[in-house]
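Here is a short tour of a model, meant to be read with the viewer open. Let's start with the overall fold and then visit a few individual residues.

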Amino acid sequence: MLEYIAITISLFFAMNIGASGAAASMGVAYGAGAIKKAWQALLICSVGVFLGAVLGGGEVVKTISSGIMPQEYITVKIVIIILISATSSLFLANLLGIPLSTSEVTVGAVVGVGIAYKVLYIKSLLVIISFWVIVPIIAFIIAFVFGKWLYKLSVKGWLKDHSILTILLVFAGFFEAFSAGMNNVANAVGPLVGAGMMSVTTGILLGGAFVALGAMLLGKRVLETNGKKIMRFEKAEGILISSTGALLVGISSIFGLPVPLTQVTSSSIIGMGMAKNGKQIFHKHIVKKIIRIWIVSPILSLAISYFLVQLFLEKDFYIIVLIGSVIVGTLGVISLMRTMREEERSIYDAGEGI
């Protein structure tokens, strides 16, 4: 019975992965106008992500299933806890229309379990986290540097809207969706493989199919966010952004490293926006919102998985009381700081009125 529950949660998680990470991969091509209809972009994305999972997703599955903590600790109950923790974080982000890294929430959930049992592979974890920082920074730099160059060519009139640019942009988006399949499908099925519930091949086929389905059914809001709410793109800019994300994530997948595709793509978009508009891009509300979600989401999934292990498996109620106290105290401090800011603002407004 528990195995069926775990598989059901895994497949629901896979659909949310399709909505968040995979759909975001086609956002650039859609925002630049290379693909006119959202359903067309999502269909191309679905095909790309499934092929990427089947042809190149095996190494990342192995990392998620046994590269962060010993495989013998990953039981069916642990799989359920990991998937609930990761899925709840990702589902919340999808409701908000925020492109969230499935790698971060999944690894965060696995780490929460590893902390509870004190069995983490610290060196492997540090390598993964360092790539979470390094890869998006590289994507930002590439987009910023080449974005300046593209902007100069555009001003001189050398970049005209040729049909070849449209074709290249659609191909780049497909390539990025392919890399999403290589990297992100493992987040849904890796825990199942780790618990011995299915083979790597079966997990990839099943996970890839449901990620593709999720992209089609649930991906429109994230597609709109990445494609049209951050900035508008020229087609040449879109090719650079999608190609950068696809290349970096594809290389990481070959080495079995789960990296944040959505952060890579969004960092490229922000780098391109800064190349065109300067630091004003950071004043956009949607950019600030994305950055906050990036920071909070892995910590949230870690805390949830750790809490569930202590509650249902270890039954350590002292730890539960401690965690609850920290949460209540944190919320209280946030509320107090918000109240103080509102009071300062009202005093300032009253002074302006005198």
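Two residues are in contact when heavy atoms of theirs lie within 4.5 Å. Among contacts in the protein chain between residues at least 6 apart in sequence, 86% join residues at least 24 apart.

A word on the ground rules: the model is predicted, so local features need pLDDT of at least 70 and side-chain atom pairs count only at pLDDT 80 or more, whereas totals for chains, interfaces and linings use all residues. Residues are numbered from 1 along each chain as its sequence is written, and side-chain values use heavy atoms, with hydrogens and water left out.

**Overall fold**

The protein chain holds 14 helices and zero strands; here helices (H or I, at least four residues) and strands (E, at least two) are DSSP runs, numbered from the N terminus. Buried residues account for 53% of the 354 residues, where buried means under 20% relative accessible area, exposed over 50%, and partly exposed in between (1.4 Å probe, protein chains only).

The unreviewed UniProt entry places the feature "transmembrane region" at several stretches, including residues 41–61 and 120–151. UniProt positions are given in the numbering used here, feature names are shortened, and annotations may be inferred rather than shown by experiment. In the model, residues 41–61 are 95% helix and 0% strand, with end C-alpha atoms 26 Å apart. Residues 120–151 are 94% helix and 0% strand, and their end C-alpha atoms are 46 Å apart.

Which helices each supply at least two residues of the nonpolar patch? They are α3 (38–56) and α9 (200–218). The largest share, six residues, comes from α3. Patch members include W39, L43, L213 and M216, and the whole patch has about 990 Å² of accessible area together. Patches are made of residues with over 30% relative accessible area and no salt bridge; like charges are joined within 9 Å, and nonpolar side chains (Val, Leu, Ile, Met, Phe, Trp, Tyr) within 5 Å. One of the members is V54, a residue of helix α3 that counts as partly exposed at 34% relative accessibility.

**One salt bridge**

How many salt bridges does a search of the whole structure find? The search finds one, and it joins the side chains of K62 and E59 at 3.5 Å, N to O. A salt bridge is a side-chain nitrogen of Lys or Arg within 4 Å of a carboxyl oxygen of Asp or Glu. K62 and E59 are separated by about one helical turn, because they sit three residues apart in helix α4 (residues 58–66). Both ends are partly exposed, K62 at 45% relative accessibility and E59 at 37%.

**The loop between α6 and α7**

K118 is found in the loop between α6 (102–117) and α7 (122–155). Its phi is near 55°, a positive value in a residue other than glycine, and K118 is exposed, with a relative accessible area of 74%. L120 has its place in this loop too. Leaving aside neighbours within four places in sequence, L120 is in contact with I68, V110, V111, G114, I115 and L125.

Some C-alpha separations are worth checking in the viewer:

| Pair | Apart in sequence | C-alpha to C-alpha |
|---|---|---|
| L120 and P70 | 50 residues | 7.6 Å |
| Y306 and I323 | 17 residues | 9.7 Å |
| T102 and S297 | 195 residues | 9.4 Å |

Y306 lies in helix α13 (residues 285–314). Apart from neighbours within four places in sequence, Y306 is in contact with G112, I115, A116, I319 and I323.

T102, in helix α6, is buried at 1% relative accessibility. Not counting residues up to four places away in sequence, T102 touches I17, L90, N184 and N187. A polar contact of 3.5 Å joins the side chains of T102 and N184. A polar contact is a pair of N or O atoms within 3.5 Å; within protein, one must be able to donate a hydrogen and the other to accept it, and residues adjacent in sequence count only if both atoms are side-chain atoms.

N16, in helix α1 (residues 2–25), is buried at 1% relative accessibility. The N16 side chain reaches the backbone oxygen of F12 at 2.9 Å.

Conventions:
Areas by Shrake-Rupley, 256 points an atom, 1.4 Å probe, with all protein chains shown as cover.
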